[in-house]
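Please walk through this structure with attention to how its side chains pack and pair.

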Amino acid sequence: YIVLKPSAARHGHTTMDSFLGLFDPGEGEETQLPPEPQLGNVEYKLKLVSPSKHRFEHLVTQLKWRLREGRGEAIYEIGVEDSGLLTGLSDEDMSDSLETLELMARRLGATTTILRKRTVDTGRQVAEVLIRKVPDDQHNIEVRVAVMGSADAGKSTLLGVLTQGQLDNGRGRARLNMFRHLHEVQSGRTSSISHEILGFNSQGEVINYSELVTAEEICENSTKLITFMDLAGHRKYLRTTVQGLSGYLPHYVML
């Protein structure tokens, strides 16, 4: 699947999507990330060990700006130089750096989650950390994703599996939760704009209908909420698809 973010492309921002795969522990040969972007919500820090009071306040201000750039989320790469080189830290320095980052986040009312750690060739560690802060005027961070593709590509089935937490039975059972009309059930094709939600708690764990019964419960227990808009793929319903794109203002489009 391809995820497009038109707003980031227009403003020249580098998004987290640019870094996917480069920090994967399975990619053992990678020793370099792209250079640190000046804009966006990704920050590189070689280490955060025992900063002075003045330095700590500067780091908190910097984190606040990265969170604003990411609409409440920031990614910190610890043990990484500004050039993107994965230098790594000793176990002690990594522990101290993560503790400092936790204090920085706590100052802003944010939470931290270690996404992954990796040992580089030198035997030192690098870590990727998610910092998330729900805006004061919101209960959770909202992301709207429009899902597009040709007819019979499996869009509704995929969304049904993600939001219901159950695999399809091979005969389209998962997609039934996405359909709104009898003729959609009979034909297996979406003709309208349907919505489903997928939540994440402060630790990045999935919250969906496999855990909770109602959409209200998912919203109440989530710090981040993704609203999927399932759009029709058949050319017969192209006008409805265009209406969904223009009327609901998605942050992302998934093809």
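By about how much of helix α3 are Arg-106 and Glu-102 separated? The two residues lie four positions apart in that helix, so they are separated by about one helical turn. In this predicted model, Arg-106 forms a salt bridge with Glu-102, with the closest N and O atoms 3.6 Å apart. Arg-106 counts as exposed, at 53% relative accessibility, whereas Glu-102 is partly exposed, with a relative accessible area of 26%.

This pair belongs to a structure that holds eight salt bridges. The side chains of Glu-73 and Arg-132 also meet in a salt bridge, at 2.8 Å from N to O, and this pair links distant parts of the chain, since Glu-73 sits in strand β3 and Arg-132 in strand β5, 59 residues apart. Glu-73 is buried, its relative accessible area being 5%, and Arg-132 is buried as well, at 7%. A further salt bridge joins the side chains of Glu-43 and Lys-45 (3.4 Å, N to O); both of these residues are buried, and together with Arg-66 they are linked in a network of salt bridges.

Turning to the nonpolar packing, the largest nonpolar core has 20 residues, and those with the most contacts inside it are Leu-63, Tyr-76, Ile-78, Leu-101, Met-104 and Ile-131. The elements that give two or more residues to this core are α2 (53-69), β3 (73-78), α3 (91-107) and β5 (125-132). A second, separate core of 10 residues includes Val-147, Leu-159, Ile-226 and Phe-228.

Key:
Residues are numbered from 1 along each chain as its sequence is written. This is a predicted model: local features need pLDDT of at least 70, side-chain atom pairs count only at pLDDT 80 or more; totals for chains, interfaces and linings use all residues. Side-chain values use heavy atoms; hydrogens and water are left out. A nonpolar core is a set of buried Ala, Val, Leu, Ile, Met, Phe, Trp, Tyr and Cys residues joined through side-chain atoms within 4.5 Å. Buried means under 20% relative accessible area, exposed over 50%, partly exposed in between (1.4 Å probe, protein chains only). A salt bridge is a side-chain nitrogen of Lys or Arg within 4 Å of a carboxyl oxygen of Asp or Glu.
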